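Reader: Could you walk me through reading charged pairs and buried side chains in a model like this one?

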Amino acid sequence: MNYSKRDATMTRGLAILCMLILHLFCRRGIDVYGEPLIWLNNTTPLVYWFGFFSGICVPLYSLCAGYAQQIIAEKLIQGSQIWKSNLVRAWNLMKNYWAVLFLFSSIGICIAPDGNIPGNIENFIKSIFLLHTYNGSWWYLNTYVLLMLIPTVILMFPVRRIKYHLGILVCIILDMGWYIIGHFGLLPPEPQNIYTAFVYKEIINLIGILPAFWVGAFLCKGKLVKKCDSWLGKHFTLTQRNVLLCGCLFLVFLAYNLLEKSAVVLWVTIVTFLSFNLIYKSETITKIFLFLGQHSTNIWLTHMFFYIYMFPGLVQKAKYPLFMLIFMLVLCIVTSYVINALMLAVEELTKKRKIIK
């Protein structure tokens, strides 16, 4: 079993599902959305555990990006070719972002001309170049684009020089160390100047995702998905391996929530990534995660508008956690089809103009 493009799409589907669950349900006390039916105590609903566990979403996205980067690095020998490939990926993501930006700015003008979206022309122009944001979840867009702009010889240097098992261990330690530094306020104070503060913030965000990114590359380098699949195939039937892997995920879920320490999030992400990709899924489950993965970018870029920014409280009207999650998915996926149609229309228009010229 090799980690394929199809598997990558499904993993992104898992990551985006985690992102929605994190943002909707990692809440306690008066911050809880809706009316959860099961409570662990007076302030903590059971759904909070799912929200806390879903904090793996960004590390999981970053791990997938690192895995993909290593695949590209193994296929393309020249560093310049890899960098060009990265630029194409970044450019495609930016086009997707601009479609979202223009769509929601247009909606903002129609429903609230004096609102924050798009606000003044200066903020809108800054947003085009990622210097201003209307949506809290867009921070990762800046970080991902910055990651793709780093020359491959620098970005992948640790992966080329360190053996995969040692590299994974080092990345976990680095991630835990970075968490401790942030948790105890050991980072340098943010600069007062808005421009240096912007650079400072982007560097901090980049450092935060690099361990997960490198872990993905090391997992690919060590062919761990294939090796684990081979070992499980020799010792267990398909039913047994699924029970084992689901049991492993459940134990990690329990341990992570009982411990409630984000310092071990990368370790939890690795276990989840391997378990998810090694579980044999039914055709229905496969189609669901593939579908979510195909729409994951648009869901990521739009979901916050439907519960906090442009339409505050809209998703919460569904009242119960499962209904809120489904309602959010429906809103985001319908919007995703609109965004894809807009992008296709612009692409077709561009092609026609080229033909006319």
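This is a predicted model: local features need pLDDT of at least 70, side-chain atom pairs count only at pLDDT 80 or more; totals for chains, interfaces and linings use all residues.

Reader: How many salt bridges does the structure hold?

Author: A salt bridge here is a side-chain nitrogen of Lys or Arg within 4 Å of a carboxyl oxygen of Asp or Glu. The structure has five of them. One of these joins E35 and K319, at 3.9 Å from N to O. E35 sits in the loop between α1 (5–25) and α2 (47–53), and K319 in the loop between α15 (296–302) and α16 (321–356), so the pair ties together parts that are 284 residues apart in sequence. By the way, helices (H or I, at least four residues) are DSSP runs, numbered from the N terminus.

Reader: Which residue does K223 pair with?

Author: K223 forms a salt bridge with E74, and their closest N and O atoms are 3.8 Å apart. K223 lies in the loop between α10 (194–221) and α11 (224–235), while E74 belongs to helix α3 (residues 57–75), so this pair links parts that are 149 residues apart in sequence. K223 is partly exposed at 37%, and E74 is partly exposed at 41%.

Reader: What about E122 and K126, where do they sit?

Author: Both are in helix α5 (residues 121–128), four residues apart, which means about one helical turn separates them. E122 is partly exposed at 47%, as is K126 at 29%.

Reader: Now the methionine: is M324 buried or exposed?

Author: M324 is buried, with 0% relative accessibility. M324 lies in helix α16. Contact means heavy atoms within 4.5 Å. Leaving out residues up to four places away in sequence, M324 touches L24, F25, Y33, G34, V315, Q316, A318 and K319. That list includes K319, the salt-bridge partner of E35.

Reader: How far apart are M324 and Y307?

Author: They are 17 residues apart in sequence and 9.8 Å apart in space, C-alpha to C-alpha.

Note on methods: Residues are numbered from 1 along each chain as its sequence is written. Side-chain values use heavy atoms; hydrogens and water are left out. Helices (H or I, at least four residues) and strands (E, at least two) are DSSP runs, numbered from the N terminus. Buried means under 20% relative accessible area, exposed over 50%, partly exposed in between (1.4 Å probe, protein chains only).
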